[in-house]
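Here is a short report on a two-chain model. Please read it with the structure open.

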Amino acid sequence: MNIRRTLVKSARASLALLLTGIIVSGGSTAALAADYVPISGAGSSWSANAIDQWRRNVKQYGMSVNYASTGSVDGRNQFKGGTVDYGVSETPYGLTDNGVVDALPTRPFVYIPIVAGGTAFMYNLTSGGNRITNLRLSGDVVTKMFTGVITKWNDALIAADNPGLTLPDRAVVPVVRSDGSGSTAQFTLWMDTKYNSLWESYCDKVGRNECGQTSFFPTTSGMVAQPNSQGVSGYVAQTANEGTITYVEYSYALKTGFPVAKVLNDANYYVEPTASNVAVGLLGAVINQDETSSMYLTQELSGVYNNKDPRAYPLSSYSYMIAPTTEQASFTATKGATLSAFANYFLCEGQQQAEVLGYSPLPVNLVRVGLEQVTKIPGADTATINISQCNNPTFSASGENTLAKNAPMPDPCDKKGVEQCTEGTGGASATSTGGTTETGTTSTTDGTTGTGTTGGALGVTMGTGPTQCDVDTGICSSIKAVPVATTSTGWAATNWVILSVIIILVLVVVVPPVMVTYAARKVRSS
Amino acid sequence: MIKRGQSQRSRFLAMLLLADLGLGVFFGGLAVTSANATEGDDTVDVQPTSEPTPEPTPEPTPEQTAEPVVEHVSRTPIANADGSMTISWLDTVRDETAPNYSLFAGLEVTVSQVQDLTYQAVNVSWTGGVETSPQQLAANYLQIMQCWDDGSGAADPTNCQFGAATGATVSLLGSNAMTRSLGFEGEDPLQDYTGIFDISPPLGEFEHTYSVPFETAPSTRYPDGESTHDVELFFGPTSTNEISGARTTADGSGEISFEIQTAVEAPHLGCGAEQADGEIRQCWLVIVPRGEFTADNQNYQDGVNGRLGGSPLSQSNWDNRIEFPLGFRSVVSNCRIGAVETRTTGNEMVATAFGSWQSAMCAKSNVFGFSMIGDSESRRNIVSATAGAARLAFVDNPLSATEATGSTLTYAPAVKSALTIAFNINYTIKGGFPLEYKEGQQVTDMTLNPRLVAKLLTQSYQDDVPGGELLPSLSTNAVNLRLDPEFLELNPEFDQFVDSAEPVGLMVPIGNEDVFAQVWKWIKADANANAFLSGTADEWGMVVNTNYQTLDINNDSTINSFPKADLATYRESESIPEPGFGTFELRPYVADLHDGGIRAFRGDSGTKVFWDVQRTPAAFVSGGAQDLGRRFMLTITDLATAQRLGLSTAKLINPNGEAVEATTESINSAISEFVKSEASGVKVSTAALTKDESYPLATMTYAAVDVCRASIAELKSYSAFLEFISGKGQTIGNNVGEIPSGYAPLDKAQKAAVKRAVKVINIEVANPVCAEHIETTTTTTDVPVTTVTPDDDGTLVTEVATVPTVTFPVDPNSALRYSMMSALCFGIPMIAGGQTLIRKAKTL
């Protein structure tokens, strides 16, 4: 015993010594901070909530990253003008907008996917003094609301989407972006693709011929235009601004505590732009894989719009960082080293935060090609850029997107029909609309144990597994497949041992007497 | 036959042996287990968990009291007791015959802090100067810049960050005064125009140009530094901290905030970085006074536009400088990017402190990530079922009983601080008024009562509403805060300000935080402010903006954000399309408290109300930052941010009618009055403060941990983190791991509360009772806590060692356990049955 104790103690001492050595050597490699130089960028306010958090977290590594959330168009222009080290945009260069071609910059560059998310429809509406938090809208209805066809909230078309709601006789006030915006570009592309005639006839009406996809929303009376994502979400979030609805990244709804509309997808389910629904939606995206194309890694989204998965959010997309691939003007290899280290961070560890913030982590295929692009930045420390060391939450051994794979199915009450779920959405998930009072607690109660937290109004009937309520979305759903990765590895490791032990035991106890009896018989018979 | 019998006998003998072996393993296993148990107990006693790693205490930064060995120095500058330093121009022997001599002779400059610097603002003030020419910066002003120290004992012009400024202030200066350009050869009789100062003519041109190059401090990447005439490679108008022209008031004094930059913000200066010899690089703050005569003794009135010309870096001007040695804290980071971060979320009150803790913890190989998502989102997040959600949240208020249902939460006090109304205001006094001598200086004193803050937050001043001066509903209201008789009663100095001095509103952040709710509670608890919000006019006839009256804030117990409810729009002319600009262009939200502080510091609120037809498409644009020396900025921000940026903070009237500024004492006083909440051990703010010295917006932020939903690995990280913040992490200072001034350190009882939370977590780690941990033990222990750097496991491994490993579910030696079990199952039947069977076999 004493020897054993001494051994343990000495092992500990050597461990401590080892640790001390590591810490000391860590000190001597030092001056890491001096390797990074400040870099600055501008662009997309859609992505800004994620970028701001990453900037804050890389400070601990001695990195100073600046970002001005001035809108995608400004980001592209500033990158083109060489006033920033990187730009961030939802749309690539080279598109024709309002008759003007957005020319490619003269400096060589690459697109690096930065973060995925859903363009959400955040709204401000009450009925009988209570805030509505469970609004559902089908695509054509959204388009009609933003093109002046539907002007009242109690319009029959909105009511048809919302059988459970009493809608007020109030004007619909669409709030659009006044600046050149990637969110606007994403939203108008969706309308242009899916509801082309509605969109183009609106454009005709307001005197803009053939809008197509545009970064500048053509406005008409009854509409409100506000600068950047903070402006539109801030505007809608004013209690007094009832009747307003805007398109903005989901994170802004979480930040301001307001609900978002569930949008009808091609599987006839109304879905919310949660991280998992966006991940599922993006499985339909076609990514330009032609390395020789100036649009390499940009997205073609019609497959997302028409995704038939019941969980897919139709307005899912991702944004890009525009990064230089040569040293030019004030962009030196030193800056390139910092920019590539930052990009490596946000593609991997940074994506861990995405869901919490209201985004969706980039899937493995985009991260892999993104990392390849990062290595093209001058000064990139290619040795550290390695997908096998990338701690991205969507990765799995099978290569499937974990998030999409484990995405819960929508609740039956989210199916187009007479039923309508009552739980709140977005930043108002704690507030349910209509129905019984106990549903309010439903969405805030943890549901992992599934102890009958579903209110009567929810009508969960699917499957037989435990009921799980997503606190972010308030969606309660019965999980057919609880993430079982943990249990299966447990079986492999220990349960086989137990099983084999039992078998051996049985054999040991049973076989000898049988053998003995058998042997005895043989002896006798012989 | 015999053969068979023998072989059977030997088989049974082998079984017997096996049974014995099983018994041996069984008893051996028991021995190991008990040994482990005693070991574990020992460890708990011997090695208290307070310092998990026996790491060497980091070497304190060498305190370099840099003593400049400038030639002809008659008095060596020494730091004052408060850490500031004062240097007179005549401390250096100067040429008495120089025409500028009499203008500079009385000049004495004080820098508020010269040691232990980090990225922060310092105050530069001076007396004995000559009043700056009115309006323009034609003559008699100071130019201020930061330079790196090359060990020569004096600042060198090639080492200075200067010559990149653009904007309003620069346009008021004479030719080349804001640049590194040396103009024509011979312009300055003392200047060298050869070598590095001579830029050869490009092909096809004849004329040489002359300029002072910038040389970077040597760094890992460029051991010899780099020299360039194109400073844009290193710093530009948005990143430089140079002050191209600081004004001196009529009484010869002046004052300005200067942004000190470290190697992180300005690696080309390298201040605070480790040099090749291991020393921390020190820097200089250089002040070049500019008089009325140029380097070649020309009067400024003879210059272009009647302004003084010439770069401050030109030798004759440079010789007139006053230089302060600046001592920096080390900015060396031991954290290598790429490690797995343990997630946390929280509000902004903790953000600055957490940044420092993060750096200290990651140096100990315990890397954290922080998502600043506000209190209510954080509360929802830690108990959410979302995989990968953070399980530690920094919040002011605990989770409600409903939110906490089904969760095991523990709370630990983390930081104490305060929300402030900070300002950056210069005296701009009407001609002939008594305070005119303070022109351009910074206002340091302001008092606000709840009703004034209510007016600012409800767009009740005409200036805060688009086209507000034309609205009948606001016609009886003050134009802005500075013209409000109620404000002037509390702050009579502002009565002497020029009419054009007006704040661009009170900047407020978007989103919601618990502390914003506290602001409203403070306002509503005040009878006057409460009545104002309900529509009662103040004594001067000012009423609340009706858009806010309809919000019924007085009866809204849930309000935790700053609304911008007035939808009015305005356009100055018919040429601007409908609807013109609105509230979000006139008074935009700032992104967060920190952003508000930075904007106040820079004098740029982000207001966009100028219609720019040059843009495609035409748009409202910003008019740029307010002029240096003519600023009037007000913002809501946290005390730590305000102090770091050198912003003054307003005294707020507390329920006792006392005007109280946010200080450690006033914060502690208020927190001592905090009341119990739903969660045991968590105290929350109250508007019903009774002590004279209590600051109304003091905050206490807790770390809430969801013990059961956190994985064992996360719990270990959280435990180490809380252990740290209950000790070293509460020291006020600028070192890594310390919290900056603006926070009040936790007292003994509060630290004890943190330790209790640590204990709760450690007990769960050692002996899990949560279903989550028992079910998933094998996985949680398998989770790679850290993967990339070799030293990553350090703290955690030690943690494992200190934890008694008696409990089965967390015992990593599960294989051993199962073999013991099998031995047991195997052995007992053998003991019982073996003998009988052997005997039976023998009978055969």
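## A buried helix in chain A

In helix α14 (residues 364-374) of chain A, the buried residues are L366(A), V367(A), V369(A), G370(A), L371(A), Q373(A) and V374(A). A residue is buried if 20 or more other C-beta atoms lie within 10 Å of its own, exposed if 12 or fewer, and partly exposed in between, with C-beta atoms placed from the backbone. Helices (H or I, at least four residues) and strands (E, at least two) are DSSP runs, numbered from the N terminus. The buried residues of α14(A) pack against β6, β17 and α12 (333-347) of chain A. Contact means that the C-beta atoms of two residues, placed from the backbone, lie within 7 Å.

## Basis of the model

This is a predicted model, in which local features need pLDDT of at least 70, side-chain atom pairs count only at pLDDT 80 or more, and totals for chains, interfaces and linings use all residues. Residues are numbered from 1 along each chain as its sequence is written, while chains are lettered from A and ligands numbered from 1 in the order in which they are written.

## The two chains in outline

Chain A has 17 helices and 19 strands. Of its 526 residues, 55% are buried. Among contacts in chain A with a separation of 6 or more, 70% are between residues 24 or more positions apart.

Chain B has 21 helices and 29 strands. Of its 844 residues, 52% count as buried. For contacts in chain B between residues at least 6 apart in sequence, 73% join residues at least 24 apart.

## The eight-stranded sheet of chain A

Eight strands of chain A form an open sheet in the order β2-β1-β3-β17-β6-β12-β10-β11, with mixed pairing. Two strands pair if DSSP finds at least two bridges between them. β2 (65-68) and β11 (224-226) of chain A stand at the edges with a single partner strand each, so one side of each has no neighbour in the sheet. From one strand to the next, the twist averages 25°. Angles run from 0 to 180 degrees between N-to-C directions, and axes are lines fitted to C-alpha atoms, for helices over the stretch in contact.

Helix α6 (residues 182-194) of chain A packs on this sheet. It touches β3 (86-89), β6 (109-123), β10, β12 and β17 (316-324) of chain A, and its direction makes about 105° with that of β12(A). Strands β10 (residues 173-177) and β12 (residues 244-249) of chain A run parallel and are joined by three bridges. In this pair, V175(A) stands opposite T246(A).

## A three-stranded sheet in chain A

Another open sheet has the order β9-β13-β14 (chain A), and its pairing is mixed. Its edge strands, β9 (136-137) and β14 (270-271) of chain A, each pair on one side only. Strand β13 (residues 262-264) of chain A runs antiparallel to β14(A), with two bridges. V263(A) has V271(A) as its bridge partner.

## A covered strand in chain B

How many residues of strand β13 (residues 283-290) of chain B are buried? Eight of its eight residues are. C283(B), L285(B), I287(B) and P289(B) point one way, and W284(B), V286(B), V288(B) and R290(B) the other. In a regular strand the side chains alternate between the two faces of the sheet.

β13(B) pairs antiparallel with strand β4 (residues 141-148) of chain B over eight bridges. There, L142(B) stands opposite P289(B). β13(B) also pairs with strand β14 (residues 322-326) of chain B, in the antiparallel sense over five bridges. There, C283(B) is opposite L326(B).

## Helix packing in chain B

Helix α4 (residues 351-363) and helix α16 (residues 712-725) of chain B pack at about 120°, with axes 11 Å apart. α4(B) is therefore oblique to α16(B). Angles under 35 degrees count as roughly parallel, over 145 as roughly antiparallel, 65 to 115 as roughly perpendicular and the rest as oblique. W357(B), A360(B) and M361(B) of α4(B) meet F721(B), F724(B) and I725(B) of α16(B). These contact residues are six nonpolar, no polar and no charged. Ala, Val, Leu, Ile, Met, Phe, Trp, Tyr, Cys and Pro count as nonpolar, Asp, Glu, Lys and Arg as charged, and the others, Gly among them, as polar.

α16(B) also packs with helix α17 (residues 748-766) of chain B, at about 155° and with axes 9 Å apart. The two helices are therefore roughly antiparallel. Their contact residues divide into 10 nonpolar, two polar and three charged.
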